[in-house]
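This report goes through one chain fold by its parts. Please have the sequence and the 3D view open while reading.

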Amino acid sequence: MEHYIYFKTTQFRPDFRLVCEWISENVDNVDTEGDSHNPASKEWTWLYLSNRKTKNEYAEIGQTKENSKIYEIQSSKAEFGYFLAYFLAKETNAEISLDNNLESIIELSELKKKIVNFNINDSLKRTKNSIWRKATLEKPYPTQ
């Protein structure tokens, strides 16, 4: 069964490797596909993620056809979608909703209550000082 959650933002998305680091301490445990033209690009509009360590945990993030500022997170598990939405909202100042018209906005504090099987604080610490925050289009693989 697929689960859907939506976010609306006018900002660029984070480096897709930061999204991987959000869901796993080891980014090598995350399979990805997407339309990023450069690993450091923040202009991606489609991203597929699959956690190798957890069976049946995957999500696809993409722009809706109706509005390019609204993104749909389609996930195998509702909580995994909420977890991704939480990070993307924090990173992009996005509005989150369970409907694609964004008629009912979910506050981050309410969304956080729906996330019990993922450690938000650990993920926040992990991504806060991530090496991928130093990546640029000219230098997509920064060194410490």
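## Charges over rings

The charged end of R13 is placed over the ring of W44, 5.9 Å from the ring centre. Here a charge sits over a ring if NZ of Lys or CZ of Arg is within 6 Å of the ring centre and within 35 degrees of the ring normal. R17 lies over the face of Y141, and the distance to that ring centre is 5.4 Å.

The model is predicted, so local features need pLDDT of at least 70 and side-chain atom pairs count only at pLDDT 80 or more, while totals for chains, interfaces and linings use all residues. Residues are numbered from 1 along each chain as its sequence is written, and side-chain values use heavy atoms, with hydrogens and water left out.

## Aromatic pairs

The structure holds 7 aromatic pairs. Rings of Phe, Tyr and Trp (its six-membered ring) pair if their centres lie within 6.5 Å; planes under 30 degrees apart count as stacked, over 60 as edge-to-face and the rest as tilted. The rings of W22 and Y86 have centres 6.3 Å apart and planes at 15 degrees, so this pair is stacked. W22 belongs to helix α1 (residues 16-23) and Y86 to helix α2 (residues 78-92), so the pair links distant parts of the chain, 64 residues apart. Helices (H or I, at least four residues) and strands (E, at least two) are DSSP runs, numbered from the N terminus.

Are these two residues buried or exposed? Buried means under 20% relative accessible area, exposed over 50%, and partly exposed in between (1.4 Å probe, protein chains only). W22 is buried, with a relative accessible area of 0%, and Y86 also counts as buried, at 5% relative accessibility.

The rings of F80 and F118 have centres 5.9 Å apart and planes at 35 degrees, so this pair is tilted. It links distant parts of the chain too: F80 is in helix α2, and F118 is in the loop between α3 (108-113) and α4 (120-128), 38 residues apart. Both F80 and F118 are buried. Ring pairs join W22, F80, F83, Y86, F87 and F118 into a cluster.

## Helix α4

Which residues of α4 are buried? They are I120, S123 and T127. These residues cover an arc of only 65 degrees around the axis, which puts them on the same side of α4. The arc is that of the directions from the helix axis to the C-beta atoms. The buried residues of α4 pack against α1, α2 and α3, where contact means heavy atoms within 4.5 Å. Turned away from this buried side is a face of α4 that carries the exposed residues K125 and K128.

N119 caps the N-terminal end of α4, with a side-chain oxygen 3.1 Å from the backbone nitrogen of N121. A polar contact is a pair of N or O atoms within 3.5 Å; within protein, one must be able to donate a hydrogen and the other to accept it, and residues adjacent in sequence count only if both atoms are side-chain atoms.

## The sheet

An open sheet of 7 strands runs in the order β2-β3-β4-β5-β1-β6-β7, with antiparallel pairing. β2 and β7 (105-106) stand at the edges, each with a single partner strand, so one side of each has no neighbour in the sheet. Two strands pair if DSSP finds at least two bridges between them. The table gives some of the pairings.

| Strands | Bridges | A facing pair |
|---|---|---|
| β2 (residues 30-34) and β3 (residues 46-51) | 5 bridges | V30 and N51 |
| β3 and β4 (residues 58-63) | 5 bridges | L49 and A59 |
| β4 and β5 | 5 bridges | A59 and S75 |
| β1 (residues 3-8) and β5 (residues 70-75) | 6 bridges | F7 and Y71 |

β3 and β4 form a hairpin with 6 residues between them, and N56 in the turn has a positive phi of about 60 degrees. β4 and β5 also form a hairpin, with 6 residues between them.

The loop between β2 and β3 contains N38. At 14% relative accessibility, N38 counts as buried. Leaving out residues up to four places away in sequence, N38 touches L137 and P140.
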